Amino acid sequence: MNIPVLTIDGPSGAGKGTVSRAVAKKLGWHYLDSGSIYRSLAISALDKQIDLQDIAKITLLAEKMHLAFECDDVLIVSLDGVNITHRLATEETGAAASTIAAYPEVRAVLLQKQKDFRRFPGLVADGRDMGTVVFADAPYKVFLTASALERGKRRFKQLKEKGIDANLDKITHEIELRDRRDRERKAAPLIPAVDAFYLDSSDLSIDEVINQVIILTE
Ligand SMILES: Nc1ncnc2c1ncn2[C@@H]1O[C@H](COP(=O)(O)OP(=O)(O)O)[C@@H](O)[C@H]1O
Ligand SMILES: Nc1ccn([C@@H]2O[C@H](COP(=O)(O)OP(=O)(O)O)[C@@H](O)[C@H]2O)c(=O)n1
């Protein structure tokens, strides 16, 4: 397939979404926020009071759920016809997403849904396994990270700005737990692709990161 893909993987709060959206806009490419697919499935399971350990039921839910994305400056996500955008960002949703994302059966169902985002003229894909699994053949790959403390501070500020109640120590602890689960799982763990450009954004501004990523695609 000749449609180019730029993958941006990394831990929570590294800046993947912010950088991916900006780079996609600059390049005029499509954007896939793969985490929002796992988050939407988690919301659906929580709403239906399905036990998050019940792999068969969660897998069936993944098969049946209908997601629609609209992306301009912000991403709007509808789940089975209902706008759930305002519910995606919470750490409760992130933690539930990370629990169900560990199931290979669930990942298998969601694989094609993600591949379908690869459309002309190109795609920027953000997640954990974009460069290692879903778009392993991508010509451009970035592993974006930052120190846990910096990522905690960023997420804390972001949640506050969205009017979501947050506590810095709790948020930092929760994202560390989630990252550990994402790194240690057997199915598509969070690891840099061997051919990824490793970028630590702890001491970089958003614009500096965007510029470094854009250069890769030139
Ligand atoms: N290099 C950076 N310096 C400072 N803040 C950043 C940087 N990159 C991202 N941010 C901020 O950190 C928060 C988390 O970024 P986000 O893109 O949602 O991360 P991720 O998608 O990796 O979880 C956002 O509020 C974003 O504006
Ligand atoms: N490609 C992906 C994307 C997300 N995920 C899971 O979904 C969770 C939420 O992803 P996200 O990208 O929305 O999370 P943040 O980086 O925004 O905190 C992650 O903690 C992963 O467990 C995944 O397993 N694979």
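Predicted model: local features only at pLDDT ≥ 70, side-chain atom pairs only at ≥ 80, totals over all residues.
Ala 188 is found in the loop that runs between H8 and strand S8 (197–200). Although Ala 188 is not a glycine, its phi is positive, at about 45 degrees. Ala 188 counts as partly exposed because it has 19 C-beta neighbours inside 10 Å, while a residue needs 20 or more to be called buried.

Gln 49 is exposed, since 6 other C-beta atoms lie within 10 Å and the limit for an exposed residue is 12 or fewer.

Two prolines in loops also deserve a look. Pro 121 is placed in the loop between helix H5 (104–115) and S6, and a cis peptide bond, with omega about 5 degrees, joins Phe 120 to Pro 121. Pro 11 belongs to the loop between S1 and H1. Pro 11 is buried, as 21 other C-beta atoms lie within 10 Å. Beyond its neighbours within four places in sequence, Pro 11 contacts Thr 145, Arg 151, Asp 179 and Leu 190. The C-alpha atoms of Pro 11 and Asp 182 are 8.4 Å apart, although 171 residues separate the two along the chain.

Attention now turns to the interior. In soluble globular proteins, nonpolar side chains tend to be buried together. Here the largest nonpolar core contains 29 residues, and Val 19, Val 23, Val 124 and Ala 125 have the most contacts inside it. At least two residues of this core come from each of strand S1 (5–9), H1, strand S2 (30–33), strand S6 (123–127), helix H6 (130–134), strand S7 (140–145) and H9. A second, separate core has 16 residues, among them Ala 42, Leu 88, Ile 100 and Leu 110.

Two helices make a clear packing pair. Helix H2 (residues 34–47) packs against helix H4 (residues 91–100) at an angle of about 100 degrees, and their axes are 8 Å apart. H2 is therefore roughly perpendicular to H4. On the H2 side, the residues that meet H4 include Gly 35, Tyr 38, Ala 42 and Leu 46, and their partners in H4 include Thr 93, Ala 97 and Ile 100. By class, this contact is made of nine nonpolar residues, three polar and one charged.

The two ligand shells complete the picture. Around ligand 1 there are 16 residues, of which Gly 15, Gly 17, Thr 18, Arg 154 and Gln 158 come nearest. Helix H1 (16–27), helix H7 (148–161) and helix H9 (206–216) each give at least two residues to this shell, which holds four nonpolar, nine polar and three charged residues.

Around ligand 2 there are 18 residues, with Ser 12, Gly 35, Ser 98, Ala 101 and Gly 127 nearest. Two or more residues of this shell come from each of H1, H2, H4 and helix H8 (168–184). H2 supplies the largest share, five residues. The shell around ligand 2 divides into four nonpolar, eight polar and six charged residues.

Note on methods. Residues numbered from 1 in each chain as written. Chains lettered and ligands numbered in written order. Near = placed C-beta within 6 Å. Helix = DSSP H or I, 4+ residues; strand = E, 2+ residues; numbered from the N terminus. Nonpolar A, V, L, I, M, F, W, Y, C, P; charged D, E, K, R; others polar. Core = buried A, V, L, I, M, F, W, Y, C linked by C-beta atoms within 7 Å. Axes fitted to C-alpha atoms, helices over the stretch in contact; angles between N-to-C directions. Parallel < 35°, antiparallel > 145°, perpendicular 65-115°, else oblique. Contact = placed C-beta atoms within 7 Å.
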